[in-house]
Amino acid sequence: MRLNWIKNNTTENFTLLLVLVISVWVGSNISWGKDRWKGILESDARGYYAYLPSIFIYQDLNFDFFEKIENGEYHDRHYYYDYRVKINGNSINKYWIGTSVCELPFFLSAHGITLLTGGKADGYSKLYPIFINLSGIFYAMAGLFFLTQLLQLYGISSANKNLSVVFVFFGTNLFYYAVVEPGMSHVYSFAVITLFVYLLKLFFEAPSSKMLILISILLGLIFLIRPQNMVILFIVPLAAGNKEKLKAAFNWVLSDFSLLVKVLLLFFSIGSIQLFYYKIACGTFIVDSYPGESFNFLAPHFFEIFFSFKKGLFVYTPLYLLSLFGLIFLFKKSGWDAISIVIFFILLTYLLASWHNWWYGGSFSSRVYVDYLVIFSICFSTLLQNAKKKGRLVLIFLSVLITLLCQFQIYQYRYAIIHWENMTREAYLDNFFRITTN
């Protein structure tokens, strides 16, 4: 298995280290001081995280400790959020458990340090949110590392890999969800999906049982974090690279029935963790934890999810749009890869744009695309790799401007100049260069 974890290019290590240092510095300045650490876990993030104190501290899968925490010393009307829903008369967590699985090592570290230092080990004192902040940054760095490994398989030069890492991180909403709202699920999905695509590509180059087992574990975790992210299975043709490799790998898998059974059982055993939680907490395996919320596949909001001033992906994070021009060069190099990405992109967008709340509530840009940044990164790095001389300079200059715009708009969003949900064309244009809330 060609995992170049140790022999990674020195400049790539330096780039990732620099991004890490900047992220920790920004995160600590934004969220660790005074009472700002209380905002690290807000909105959906409170629900994702709540599994950890419920299991390891309160042994309470119905979250009866919610009132004590939310209405006690940690009460803040700005961050109050009830993540519980009633099923069969029992309270359960609305959100899936996968994000908390990823956060577990950082939670346990915070809990251990708090116990050793005599702090308040209730799961919500200052150290816990700070470690979740570090968790988000860690998974972002892990995702970027595996991204560099994947781009190497596509023949991307070291210089262009470094540029891609910098622009993809700082020029998209990945930065925001790694540093400012690290408790949301997206940075964890980004890391796991990026590793999944990388290992999948390695598997199609040289199929092995160990690789397939790792892939099944990752797929189970992807499902456990966010079930709709199973759409990533449609990226299999891209990972294969051509029809022959795709067919050969499938034949190889089907030739070993016992291995296939083991892989499927492993996937289902991981994915079923959520179902067993439901059974224990409310007496049934199958639960609609989002009552009144659903997909409407007959009325997808294609235009709005890209171009609306409410949450348009290309409006607030135009690097996504710029990256798609890389499909032109990718098509020249491999029509199979380019068509695979286009088909996946259409299917993905159809799914995401069909959710009844297509703007996904309070968020910076269309946050659900963060999970799939690996696909846009392949396109963007291909664009960098193939741009020549003056064109390359123009591309880098444009990417710098877009990154600055993204960071400026993140600043506006943090200070509510860009409203968390109710933006309009008029409000966007009126506040375009505004830096104060007065």
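The second largest pocket has a lining of 17 nonpolar residues, 1 polar and no charged ones (Ala, Val, Leu, Ile, Met, Phe, Trp, Tyr, Cys and Pro count as nonpolar, Asp, Glu, Lys and Arg as charged, and the others, Gly among them, as polar). Keep in mind that this is a predicted model, where local features need pLDDT of at least 70 and side-chain atom pairs count only at pLDDT 80 or more, while totals for chains, interfaces and linings use all residues. Residue numbers run from 1 along each chain as its sequence is written, and side-chain values use heavy atoms, with hydrogens and water left out.

**Second largest pocket**

- This pocket holds about 420 Å³; a pocket here is an open set of points on a 1 Å grid over the protein atoms alone, with protein on both sides within 12 Å along at least five of seven lines.
- Its volume is the space filled by probe spheres set on the points, which are joined across faces, edges and corners.
- It has 18 lining residues (those with an atom within 4 Å of a point), and nearest its centre are Leu212, Ile215, Leu219, Leu233 and Phe250.
- Two or more lining residues come from each of α8 (186–205), α9 (209–225), α11 (243–254) and α12 (257–271); helices are DSSP runs of H or I with at least four residues, numbered from the N terminus.
- One of these, α8, runs 29 Å from first C-alpha to last over 20 residues, close to the expected 28 Å (1.5 Å times one less than its number of residues).
- Of the 20 residues in α8, 19 are buried, meaning under 20% relative accessible area with a 1.4 Å probe and protein chains only.

**Largest pocket**

- The largest pocket takes up about 1400 Å³.
- It is lined by 48 residues, with Ser43, Asp44, Glu181, Met184 and Gly362 closest to the centre.
- Helices giving at least two lining residues each include α1 (10–31), α2 (44–56) and α20 (389–414).

**Cavities**

- Searching the whole structure turns up 3 cavities of 30 Å³ or more; a cavity is a set of points where a 1.4 Å probe fits but cannot get out.
- The largest cavity, at about 90 Å³, is lined by Trp37, Lys38, Leu41, Arg46, Tyr74, Tyr79, Tyr124 and Pro129.
- That lining splits into 6 nonpolar, no polar and 2 charged residues.
- The second largest cavity comes in at about 40 Å³, and its lining is 8 nonpolar residues with no polar or charged ones.
- Among the residues around the second largest cavity are Phe344, Phe345 and Phe376.
- α18 (335–353) and α19 (373–386) each give two or more residues to that lining, with α18 giving the most, at 4 residues.

**Aromatic rings**

- There are 59 aromatic pairs, counting rings of Phe, Tyr and Trp (its six-membered ring) with centres within 6.5 Å.
- Tyr411 and Tyr415 make a tilted pair because their planes sit at 45°, with centres 4.8 Å apart (under 30 degrees would be stacked, over 60 edge-to-face).
- One aromatic cluster takes in Tyr48, Tyr81, Tyr95, Tyr290, Phe295, Phe297, Phe302, Tyr350 and Trp355.

**Charges over rings**

- Lys201 lies over the face of Tyr154, 4.6 Å from the ring centre; the rule asks for NZ of Lys or CZ of Arg within 6 Å of the ring centre and within 35 degrees of the ring normal.
- Lys310 has its charged end over the ring of Trp359, at 4.6 Å from the centre.

Key: Buried means under 20% relative accessible area, exposed over 50%, partly exposed in between (1.4 Å probe, protein chains only).
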